[in-house]
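Biologist: I am new to reading structures. Can we take a few features in turn, with the general idea and then the case here?

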Amino acid sequence: MATTFADQLRSLPDEALGALIQLRPDLVVPVPSDVSALAVRAQSRGSVARCLDSLDEFTLTILDAARLSRAPETALTSTDAIVELAASAPPDDVRVAIGRLRARFLLHGPEDALQIVGAVDEVTSPYPAGLGRPADYLDPSAAGLCLDRAKLRRTVMEATPDARKVLDRLAAGPPIGALGGRSAHDGVVSEPVRWLIDHHLLVRVSEAGRSPRPDGELVELPREVGMLLRRETGPLGLLRPCPPAPETPVRDGKAVDAAGAGQALEAVRTTENLLEALAADPAPVLKAGGLGVRDLKRLVREVNVDEPTAALMLEVAHATGLLGEADRSGNGRSLAGGGDEIFLPTGAYDLWKAQSIAQRWTALARAWLMMTRQSGLVGQRDERDRPITALSPEAERPAAPQARREALMALAALPTGTAPPVEDVLGLLFWQAPRRARGREAVHRDALDNAALLGVTGRNALTSYARLLLDPEDGDPLGAEPATDTVRALDGLLPAPVDHVLVQADLSVVVPGPPEPELATELDVLTEKESAAMRRVTAASVRRALDVGYSATDVHALFRRRSRTPVPQALTYLIDDAARKHGGLRAGSAGGYLRSDDEALVAEVLADKRLSTLGLRRLAPTVLVSPHQVSRLLGALRDAGYAPVAEDAGGSAVLSRPKVRRAPSRTPFSVRLADHQAGAPQLAGPRLAGVVEQIRKGDIATRAARRAPVSVRASTGAGVPGLTAVQAHSQAMAMLEKAVREKTRVWVGYVDSHGATLSRLVRPVSVSAGYLRAEDDRTETLHTFALHRITAAVPEEQ
């Protein structure tokens, strides 16, 4: 008796069924109702295509061997036939590949009668292993030639050099070639192709369906001719059971980590500089979305990086939630799709800055791994010949995260320190998953380039801390917590944060390493940034420190505490001079007033022509008033070189830090993508066992329902020939009450809460309050049915 595909799945032990689900997780999204539904899904085109996309080159070639070795009468093959066809590869490797195909149920059945899932032929090339169709299908004359092996060899050897080139080209695959544009109109065909057609080595086929036709516009090389031309490499061509090993020197792991850590530090600094530049001078959001080309060039000049690096770090910062959009008016609202938005750092940026460099880099790297953006497209042109700008919708590529992980996992599979060229990595990716890698070369190149810029790789080799980042068990799977192992590993490679500076005589301040967060905050207030390791103290920076609440004594003490070099006298004089001038003028509301104990200073301000627009007038020798508000007074006086401070109604100085605009906080992309992908979890352990158990229970229930009496099946909607009526509801209630009294089992037909019609064999316990309570002896569970949903009740014996 023939065994169906579903029966084979049903006969598997739970461990084997769980292994199938792990190999093909899409089969249980959502969980099928029973084994029959699982079998239908496993044979569907979509599921088979996804399964084939994950197979390596050698396994796909062995699958082609199975397709080629099928018997024409039964469409079955065998393990021995496949091994014989793949004779150029070690038999053990071929059997292992067959085992992979059988584990995924692309091949099923006994070893001497293997059957290929039908959808395989639908989603793969019609030419297995690049060989054409049999000659007896294409043309009787070609079939007659192929039957005479000696004549076929003589005919091939008689081919001219040009004709032989055509044969070799088609023998390598695919076996289809075009005759040329003129052949469709006037029958003109090149001489070598004409000779091959006349000698039945090529057969003309039509483009529509590629069926044999004497006036077809294509030619096809018969399978037998192709196998003859492949006599040196074998019928399947060159077989590579093992992935190609890049022949590159292995670099020292410490050198790789050092180079990567240095680039990681630079990536964090570049991100911070770009966001600070946008905070100082926000860039408008284009109406179509994204950052304008001129704004990107401005940021490139200010931060001193190239455009690809700036575009990458802006995209990563946006994916991390550090960069967002805000209304230009400053009310914090985000008007999606409008033209009045600007790019600004978000509130999360301030929290990010307070973290260690390793934590900051880890947040950026995790967002880069998961973001569906391809920064390498920035600067190129789309299908409408418009430039693709940074942060624009045109740079969206849903397949980018998978391509990045594929490229990095390919590097991770190599020995530590291996630094293969990009072309070797692409070749390795093509061997690992040819169907998936084809057409993704640009995305993989972009992923490797980005990995180098971010410090994921160092000297073209994967760093040790990046290997930890790829570990799914490292850190919070939703990205809410940093990857702790990665942070610890990178912390050990980065220079330790410093808590001191070196103040030079020219008022420059050298920071001999990454500053700790508290020192970085102090330097942002007291100095002007010139480079990553160089800052400078100016009169404006000292005045800014005084404005936010520092006193001259505080500033002197801070430099004495932080500087490992003697504080130069010029800096002391600068601080004292700025403090002496600071607060010499006081502004208040009245529209606004100015007062000072220095009458000469008041007279100077009154006579200053640059302040004529303020409408100042003297109320007393030490008091001036203006119709303008205090904020306007303070801005104009500071622009003119004075150092006023505001005061409150009691005459006390009002000191405040300048307001920093921030965009609304955004959820990091890693969290949003993790939520989106939550529907396809990696099943293992108890969760996998629970899925298998659910499928088994559903299968038992379905099979039991098929054994229900005809009246019950009819009442639940099943088609029963010749039965036109079902039990009345009153009769069903009477049967249930009798079953309660006699404690017998009955078949109950009912409609569930989703409207589905089902049946179940149960033992009624009670009928009261509008509900039936019954036990299922098979599962030892108690069920409750609403009486109005019961459609039939039949004793088990019927």
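Biologist: Is Arg153 buried, partly exposed or exposed, and why?
Modeller: This is a predicted model, so every value comes from its atoms. Arg153 has 42% relative accessibility, so Arg153 counts as partly exposed. Its place is in helix H11, residues 149-158.

Biologist: Now salt bridges. How many are there?
Modeller: Look for a side-chain nitrogen of Lys or Arg within 4 Å of a carboxyl oxygen of Asp or Glu. By this rule the count comes to 47 salt bridges. One of them joins the side chains of Asp121 and Arg67, at 3.0 Å from N to O. That pair links distant parts of the chain, 54 residues apart. Asp121 sits in helix H8 (residues 119-123), and Arg67 in helix H5 (residues 57-68).

Biologist: Are Asp121 and Arg67 buried or exposed?
Modeller: They fall in separate classes by the cut-offs. Asp121 has a relative accessible area of 31%, so Asp121 is partly exposed. Arg67 has 8%, so Arg67 is buried.

Biologist: Where do Asp485 and Arg488 lie?
Modeller: Both lie in helix H26, residues 484-491. They are 3 residues apart, about one turn of the helix. Asp485 is partly exposed at 31% relative accessibility, and Arg488 is exposed at 54%.

Biologist: Which residues are linked in a network of salt bridges?
Modeller: Glu272, Glu276, Lys353, Arg360, Asp524 and Arg535 are linked in this way.

Biologist: Let us turn to strands. Which residues of strand E23 are on the covered face, and which on the uncovered one?
Modeller: In a regular strand the side chains alternate between the two faces of the sheet. Strand E23 covers residues 771-776. Leu772, Ala774 and Asp776 make up the covered face. Tyr771, Arg773 and Glu775 make up the uncovered face.

Biologist: How many bridges join E23 to strand E22?
Modeller: 5 bridges join them, and the two strands run antiparallel. Val767 stands opposite Leu772. E22 and E23 form a hairpin with 2 residues between them. In that turn, Ala769 has a positive phi of about 55°.

Biologist: What does E23 do with strand E24?
Modeller: E23 and E24 (residues 781-786) pair in the antiparallel sense over 6 bridges. Tyr771 has Ala786 as its bridge partner. Their hairpin has 4 residues between the strands, and Glu780 takes a positive phi near 55°.

Key:
Residues numbered from 1 in each chain as written. Predicted model: local features only at pLDDT ≥ 70, side-chain atom pairs only at ≥ 80, totals over all residues. Heavy atoms only, no water. Buried < 20%, exposed > 50% of the residue type's maximum accessible area, 1.4 Å probe, protein only. Pairing = 2+ DSSP bridges.
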